[in-house]
Amino acid sequence: MLFLNEDSFKDRVNFKVLECELMTKLQEAEVGRAQSSPRLVLPLGETAALGAMLAFDEASSLAAAKILLVAESNRAKNLNPHQGLIVLFKREGGKPLAVIEASLLTAVRTAALASLATNLLAKKEASTLAIYGTGLLAHFLAKAIYSSRKIDAIHIYGRNAENLRRIKKSLGAELNLEIQVHSDPKKAAANAEIHCLATAAKEAYLSRYDLLPSAHINAMGASRPGVKEINLAGIETIYVDDAERVREESEEIRDMAAPRRLVSLGKILSRKIEGRKSDEEQTFFKSVGSGICDLVVADHVLRELAK
């Protein structure tokens with residue numbers, strides 16, 4: 001059995017390949033060939049929670065179990081709030097194949113889903129990206145979307161000047177691109193065509209009216225009750241990774257005055273439903289994470305390391 005910490009695979013993720021693998025699995029999930037359990041959450045006081053997610057993939061006979069402790073106090077220490085492990089099993093015999101550190105894996109999964117949603121829903125020529133947040137997820141969001149389409153400019157919003165300086169330097173060097181940083185989210189949003197929300201804000205800091213009428217939005221940071229990044233008033237259709245999980249766990253959805261139409265990416269990929277209908281339409285993707293996508297990323301990491 002393999003034991004993998006994040007240093008052993010952080011540079012081995014191929015986002016273009018991973019995005020294709022997620023596309024296949026989301027289509028299979030639509031017809032029941034890939035399954036995720038409801039998320040089990042045990043609150044640990046007011047600022048921490050222990051969660052578990054399970055998944056099974058019929059095609060590969062792989063099963064996965066992720067245990068994650070979310071500790072909000074880690075942000076003040078410049079540590080990832082998400083700490084945990086994912087265990088990958090083979091159904092036949094039940095033998096564990098690998099235990100993988102889950103912090104980076106979770107960020108990779110979220111970024112790959114945002115990139116997939118962007119390619120399905122954003123305007124084809126959209127090339128200006130705004131990212132809200134300065135943590136590990138923000139770094140991978142920039143990397144994933146930059147790897148899958150032409151990006152001319154990246155704007156990053158954050159509240160901490162030192163964190164903004166750090167991510168501007170690291171991403172600018174890695175992507176060979178000028179990074180603009182902002183302490184006001186509305187300034188970061190002003191001319192961006194693609195938006196990735198990756199904070200743990202308690203109150204919404206954006207609404208659809210702060211964004212271009214043709215913008216695409218990926219809301220990824222507020223993945224549990226009690227956190228909210230954007231006011232969804234007036235948005236009729238919301239694209240999601242897992243409709244059931246989003247209804248249960250997204251404060252942004254639960255806070256809406258009336259139910260809205262939730263459409264899974266799997267339905268678009270299966271051509272059951274059309275996505276963006278015009279270049280003058282805002283599109284909105286909401287993700288809270290799913291076990292089957294964690295499984296796909298864990299399997300991807302093992303196969304890339306085996307090359």
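Ser103 counts as buried because its relative accessibility is 3%, where buried means under 20% relative accessible area, exposed over 50% and partly exposed in between, with a 1.4 Å probe and protein chains only. This is a predicted model, in which local features need pLDDT of at least 70 and side-chain atom pairs count only at pLDDT 80 or more, while totals for chains, interfaces and linings use all residues. Residues are numbered from 1 along each chain as its sequence is written, and side-chain values use heavy atoms, with hydrogens and water left out.

Ser103 sits in helix α2; helices (H or I, at least four residues) and strands (E, at least two) are DSSP runs numbered from the N terminus. Not counting residues up to four places away in sequence, Ser103 touches Glu6, Asn80, His82, Gln83, Gly84 and Leu136, contact meaning heavy atoms within 4.5 Å.

**Nonpolar cores and surface**

A nonpolar core is a set of buried Ala, Val, Leu, Ile, Met, Phe, Trp, Tyr and Cys residues joined through side-chain atoms within 4.5 Å. The largest one has 64 residues, and Phe15, Leu18, Ile100, Ile131, Ile154 and Leu265 have the most contacts inside it. Helix α2 (residues 102-121) gives the most to this core, namely 11 residues. Ile100 touches Leu4, Phe9, Gly84, Leu85, Ile86, Leu105, Ala298 and Leu302, again not counting residues up to four places away in sequence. Another core, of 25 residues, lies apart from the largest one and has Ala130, Ala215, Ala219 and Leu232 among its members.

Leu42 belongs to strand β3 (residues 40-43).

**Aromatic pairs**

The whole structure holds four aromatic pairs. Rings of Phe, Tyr and Trp (its six-membered ring) pair if their centres lie within 6.5 Å; planes under 30 degrees apart count as stacked, over 60 as edge-to-face and the rest as tilted. Two of the pairs are tabulated.

| Pair | Centre distance | Plane angle | Class |
|---|---|---|---|
| Phe15 and Phe140 | 6.3 Å | 55° | tilted |
| Tyr132 and Tyr157 | 6.3 Å | 50° | tilted |

Phe15 is in helix α1 (residues 15-30) and Phe140 in helix α3 (residues 136-148), so their pair ties together parts 125 residues apart in sequence. Both Phe15 and Phe140 are buried. Tyr132 in strand β8 (residues 128-132) and Tyr157 in strand β9 (residues 153-157) are 25 residues apart, and both are buried. Ring pairs link Tyr132, Tyr157 and Tyr205 into a cluster.

**Loops**

Most residues other than glycine have a negative phi. Ser61, in the loop between β4 (48-57) and β5 (62-71), has a positive phi near 60°. Ser61 is buried, with a relative accessible area of 10%. Asn176 has a positive phi near 55° and lies in the loop between α4 (161-175) and β10 (179-182). Asn176 is exposed, at 70% relative accessible area.
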